[in-house]
Amino acid sequence: MNTTNDPISDMLTRIRNANTAKHDTVDIPSSRMKLAIAQILLDEGYIKSVDTVENGSFKDIRITLKYGADKNDRILTGLKRISKPGLRVYASKDQLPRVLDGMGTAILSTNQGVITDRKARELKVGGEVLAFIW
């Protein structure tokens, strides 16, 4: 079991690598935060499905990746970790980031839970900018 200082960065890297290698699914050690992020990826249409699977005494999140007509046509083109343990990045409700002029999605951790930049604008809340997806 490898431990990492930044489990969210680890999750994004695993998804990015599986996507680049054109895998159908990728397993990630489970946590509430990662499940929330996976749910956003699902809701925004970047992935096909999210399931939790038992892995001995641990739970894993199994993410089924989504591709276009053929596997060379990727739906998820980029994942970028913004706020890192060494450098936290916060945005107030007036400074919420726009990813590729609204074509992408920013994932924020707010007092309303883990939400997209769009939802944060709706709720008029700021928070920690976890990642950008496009």
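Contact here means heavy atoms within 4.5 Å. The model is predicted.

**Exercise 1.** Determine how helices α1 and α2 are oriented to each other, and which residues join them.

Solution. 
1. Helix α1 covers residues 7–20 and helix α2 residues 32–43. Their axes lie 10 Å apart, at an angle of about 40°.
2. Angles under 35 degrees count as roughly parallel, and 65 to 115 as roughly perpendicular.
3. On the α1 side, Pro7, Ile8, Met11 and Ile15 take part in the contact. Their partners in α2 are Met33, Lys34, Ile37, Ala38 and Leu41.
4. Sorted by class, this contact has eight nonpolar residues, one charged residue and no polar ones.

**Exercise 2.** Describe the largest nonpolar core: how many residues does it have, and which elements supply it?

Solution. 
1. The largest nonpolar core has 25 residues. Ile15 and Ile63 have the most contacts inside this core.
2. At least two residues of the core come from each of α1, β1 (25–29), α2, β2 (47–55), β3 (58–65) and β8 (127–133).
3. α1 gives the largest share, five residues.

**Exercise 3.** List what Ile63 touches, leaving out residues up to four places away in sequence.

Solution. 
1. Met11 and Ile15 are among the residues touched by Ile63.
2. Ile63 also touches Asp24, Thr25, Val26 and Ile28.
3. Ala38, Ile47 and Ser49 complete the list for Ile63.

How values were computed
Residues numbered from 1 in each chain as written. Predicted model: local features only at pLDDT ≥ 70, side-chain atom pairs only at ≥ 80, totals over all residues. Heavy atoms only, no water. Axes fitted to C-alpha atoms, helices over the stretch in contact; angles between N-to-C directions. Helix = DSSP H or I, 4+ residues; strand = E, 2+ residues; numbered from the N terminus. Parallel < 35°, antiparallel > 145°, perpendicular 65-115°, else oblique. Nonpolar A, V, L, I, M, F, W, Y, C, P; charged D, E, K, R; others polar. Core = buried A, V, L, I, M, F, W, Y, C linked by side-chain atoms within 4.5 Å. Buried < 20%, exposed > 50% of the residue type's maximum accessible area, 1.4 Å probe, protein only.
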